[in-house]
Amino acid sequence: MSTELAAETLLNAGKFYTAIEIARIFGQSTQHGKRYMNNLINNPRFVVEQKDLAEPQIKVISIDGRKQSIDKLQNSALLFARPKSLIGEM
């Protein structure tokens, strides 16, 4: 799993996530969740909003200036949701 794929998923969801929640989404360890979180915060390609609570949370606002995920953009262009068989989901 790459940081870009993680960012796409979090942008699509549009919610705040902790490192533990990020790790659970991708079936990774908490350490990987923290790594994804740090990569998203430190990389200038990604704009994130941070909440500094007892456990820090982030929300992905945009990727390279794009405020919608690729999936949402494709669905808008096609005027319907792409069939799961075409996007590799079952």
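I started at Q68, which sits in the loop between strand 2 and helix 4 (70-78). Helices here are DSSP runs of H or I with at least four residues, strands are E runs of at least two, and both are numbered from the N terminus.

Housekeeping next. I am working with a predicted model, where local features need pLDDT of at least 70, side-chain atom pairs count only at pLDDT 80 or more, and totals for chains, interfaces and linings use all residues. Residues are numbered from 1 along each chain as its sequence is written, and side-chain values use heavy atoms, with hydrogens and water left out.

**Back to Q68.** The cut-offs are under 20% for buried, over 50% for exposed and in between for partly exposed (1.4 Å probe, protein chains only). I also looked up N12: Q68 is 56 residues from N12 in sequence, but their C-alpha atoms are 6.8 Å apart in space.

**Whole chain.** I counted 5 helices and 2 strands, in the order α-α-α-β-β-α-α from the N terminus. Of the 90 residues, 28% are buried. For contacts (heavy atoms within 4.5 Å), I looked at those with a separation of 6 or more, and 46% of them join residues 24 or more positions apart.

**Confidence.** pLDDT is the predictor's confidence in each residue, from 0 to 100. The chain averages 84, and 80% of the residues score at least 70.

**Helix 1 and helix 2.** How do helix 1 and helix 2 lie to each other? I noted an angle of about 105 degrees, with the axes 12 Å apart. Axes are lines fitted to C-alpha atoms, for helices over the stretch in contact, and angles run from 0 to 180 degrees between N-to-C directions. The two helices are therefore roughly perpendicular to each other; that label covers 65 to 115 degrees, while under 35 is roughly parallel, over 145 roughly antiparallel and the rest oblique. A6, T9 and L10 of helix 1 meet I22, I25 and F26 of helix 2. On helix 1 I also listed the buried residues: T3, A6, A7, E8, L10 and L11. After helix 1 comes G14, with a positive phi near 70 degrees.

**The core.** I looked for the largest nonpolar core and found 16 residues, with L10, I22, L40, V60 and I63 having the most contacts inside it. Such a core is a set of buried Ala, Val, Leu, Ile, Met, Phe, Trp, Tyr and Cys residues joined through side-chain atoms within 4.5 Å. Helix 1 gives the most to this core, 4 residues. Leaving out residues up to four places away in sequence, I63 touches A7, E8, L11, R45 and F46.

Where is Y17? I found Y17 in the loop between helix 1 (3-13) and helix 2 (19-26). Y17 counts as buried because its relative accessible area is 10%. Not counting residues up to four places away in sequence, Y17 touches L10, I22, I25, M37, P56, Q57 and I58. I then followed Q57, which is in strand 2 and is buried, with a relative accessible area of 19%.
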